[in-house]
Amino acid sequence: MIIAERKPMEEIKQFIAPYKKVLVAGCGTCVTVCWAGGEKEVAVLASQLRLARSAEGSEISVLEATVERQCEREMVAEIKDKVAEVEAVISLACGSGVQTMAEMFEDKPVLPAVNTTFIGMPEKEGLWVEMCGACGDCFLDRTGGICPIVRCAKGLLNGPCGGTRRGGKCEIDPEKDCAWVLIYRRLEKQGRLDVMRKYYAPKNYRAVKRPGKVQASKA
Amino acid sequence: MAKPFREILKTKDFIVTAEVGPVKGSSVSKAIEHIELLKDKVDGLNVTDNQSSVMRYPSLGVCLLIKEHGGEPVFQVTCRDRNRLAIQADLLFAYSRGINNVLCLTGDSIDVGDHKEAKQVFDLDSVQLIHLVHTMNSGKDMAGNELDGGIDFCIGTTATPSADPLEPQLIKVEKKLKAGVSFIQTQAVYELDELKRFTELVRNMDGKVKILAGIVPVIGAKMAAYMNENVPGIFIPQHLIDELAQAPKGTGVSKGIEIAARMIKQIKEEKICDGVHIMFIGREERVPEILEAAGLP
């Protein structure tokens, strides 16, 4: 799923400074699961904004709404009446949600209240880790199902760098396992180290022409 | 004129190279002093490429200075700051100016340097970089286009003998050897048993490759602890830290030189490696003292 983090309050306060009536819009899918932009987080941000502005002596009216998926036009259309009432929308969705909203309500500023960080998975309660870089040229069959493109700090394709710390930890973070040591151990367990010994040519970094676009073929 | 490094690799019993670290700025007078001082005392002068991800005068620039002053440069190329177009262009330029040796490295992460917010490149990795140089040596660019005037580089690379675990590192070394390198310059080593084990393993894979042991003199216990913590791939054992700690105040540098010379002597006498690469960054002017103490001509 897509992982995001709430932006610092100061940054949000700064970009809503010109407005007296705003809508805080959440998304019920990925950002709900990673505690960044679901219904609960919408309520929290809305009260924080009301309190902050009231302390500054410049009252603000904050509406709240959460749609199931902010990246789908039909779902975003459900809140068009609320959007019509406000001067600006503060979106707690990922970058795709923010842009869907901005495209649908072109006359309104749609402002992001989260930083979209990566595609990841929950490792334990409240901790998400990046697993996929959406490179469009999946390499996982050659690496024991561990992605070196994002999980190796340098995205190397032919084995570890020379900076690995003792115990197989990453050069940039003593807490993080070296992805290539993990790959080595996984392939060794499967008796497939020959896969790691092969040479892999430079990656096609244009496998997905950015901005990406995928047309599904009809079944 | 200095002898071509590829000839030295074939003919010399014990090869000695040293590193020239580019300055932070455009003032090259110090680099020229170091080049003049060292060019006839060592077989090659190796120039770092934004070492430790700290922005500096370019490797290519200092390599040109070495060439102009009659030394034999080894052009270090990392994959961190340039994509495949920029690397190929730099190789063409280097070769056209008489720089014929290249050291292919991954490069440290941006996170350890002084421009932590920069976008790191790593379009290629070090194994792919070695393949790239061979492709260009054969007269074509990476996209398969003919080159109007090719290149012919002597190719080297690096390895970390003290990596833990060692096996994944060895697989990488094996790939580099298969890609084709004439020499390996190791990360700084302090445990000669580890180095011996490593060179035996490498020699079993490729009997011809020359291995130069990386020598970085440590000039104090504090520096050693700092390096263990902050320099990727470096592990200084406790007994050396203790030896440094016992050195009288103010004698750190000479103690560091003494330890480095002792290691070089042992490497040479026991034929552990084919030579050494001395990296005394910021104190290049004291490299001759190491050579002398190690009994190198």
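**A helix on the inside**

Modeller: Let's take helix α3 of chain B, residues 59-68: eight of its 10 residues are buried, so the helix is largely enclosed by the rest of the structure. Keep in mind that this is a predicted model. The buried residues of α3(B) are S59(B), L60(B), V62(B), C63(B), L64(B), L65(B), I66(B) and K67(B). Notice that the list includes a serine and a lysine, S59(B) and K67(B).

What do the buried residues of α3(B) pack against? There are helices and strands in that set: α2 (29-38) and α4 (84-96), along with β1 (15-20), β2 (44-47) and β3 (73-78), each of them in chain B. Remember, too, that an α-helix has 3.6 residues a turn, so residues three or four places apart point the same way. Just past the end of α3(B) comes G70(B), with a positive phi of about 85°.

Stepping back to the chain around the helix, chain B has 11 helices and eight strands. Its radius of gyration is 18 Å, close to the 19 Å that the globule rule gives for 297 residues, so chain B is as compact as a globular protein of that length. If you want dimensions, the C-alpha trace of chain B spans about 60 × 45 × 45 Å along its principal axes. Buried residues account for 49% of the 297 residues in the chain.

The largest nonpolar core has 100 residues, and the ones touching the most other members are F75(B), V133(B) and I215(B). Helix α10 of chain B, residues 252-269, gives the most to this core, with seven residues. Another core lies apart from the largest one, with 34 residues, among them I3(A), C30(A), A36(A) and V83(A).

On to where the chains meet. Here 29 residues of chain B are in contact with 26 residues of chain A. On the chain B side, α5 (126-137), β5 (154-159) and α6 (167-179) each supply at least two residues, and α6(B) gives the most, with eight. By type, the chain B side divides into 10 nonpolar, eight polar and 11 charged residues.

There are some backbone details worth a look in chain B as well. The peptide bond joining D164(B) and P165(B) is cis, with omega about 5°, and P165(B) lies in the loop between β5 and α6 of chain B. Then there's K271(B), which isn't a glycine but has a positive phi, near 50°. You'll find K271(B) in the loop between α10 and β8 (275-278) of chain B. With 11 C-beta neighbours inside 10 Å, K271(B) counts as exposed.

W35(A), another non-glycine residue, has a positive phi near 60° and is found in the loop between α2 (30-33) and α3 (39-55) of chain A. A cis peptide bond runs from R210(A) to P211(A), with omega near -5°, and P211(A) sits in the segment after α9 (193-197) of chain A.

Last stop, a sheet in chain A. It is open, with three strands in the order β1-β6-β7 and antiparallel pairing. The edge strands are β1 (2-6) and β7 (127-132) of chain A, each pairing on one side only. Neighbouring strands in this sheet are turned by 70° against each other on average, direction ignored. Five bridges join β6(A), residues 114-124, to β7(A), and the two run antiparallel. To find that pairing on screen, look for P122(A), whose bridge partner in β7(A) is W128(A).

How values were computed
Residues are numbered from 1 along each chain as its sequence is written. Chains are lettered from A and ligands numbered from 1 in the order in which they are written. This is a predicted model: local features need pLDDT of at least 70, side-chain atom pairs count only at pLDDT 80 or more; totals for chains, interfaces and linings use all residues. Two residues are in contact if their C-beta atoms, placed from the backbone, lie within 7 Å. Helices (H or I, at least four residues) and strands (E, at least two) are DSSP runs, numbered from the N terminus. Ala, Val, Leu, Ile, Met, Phe, Trp, Tyr, Cys and Pro count as nonpolar, Asp, Glu, Lys and Arg as charged, and the others, Gly among them, as polar. A nonpolar core is a set of buried Ala, Val, Leu, Ile, Met, Phe, Trp, Tyr and Cys residues joined through C-beta atoms within 7 Å. A residue is buried if 20 or more other C-beta atoms lie within 10 Å of its own, exposed if 12 or fewer, and partly exposed in between; C-beta atoms are placed from the backbone. The radius of gyration is taken over C-alpha atoms; the globule rule is 2.2 Å times the number of residues to the power 0.38. Two strands pair if DSSP finds at least two bridges between them. Axes are lines fitted to C-alpha atoms, for helices over the stretch in contact, and angles run from 0 to 180 degrees between N-to-C directions.
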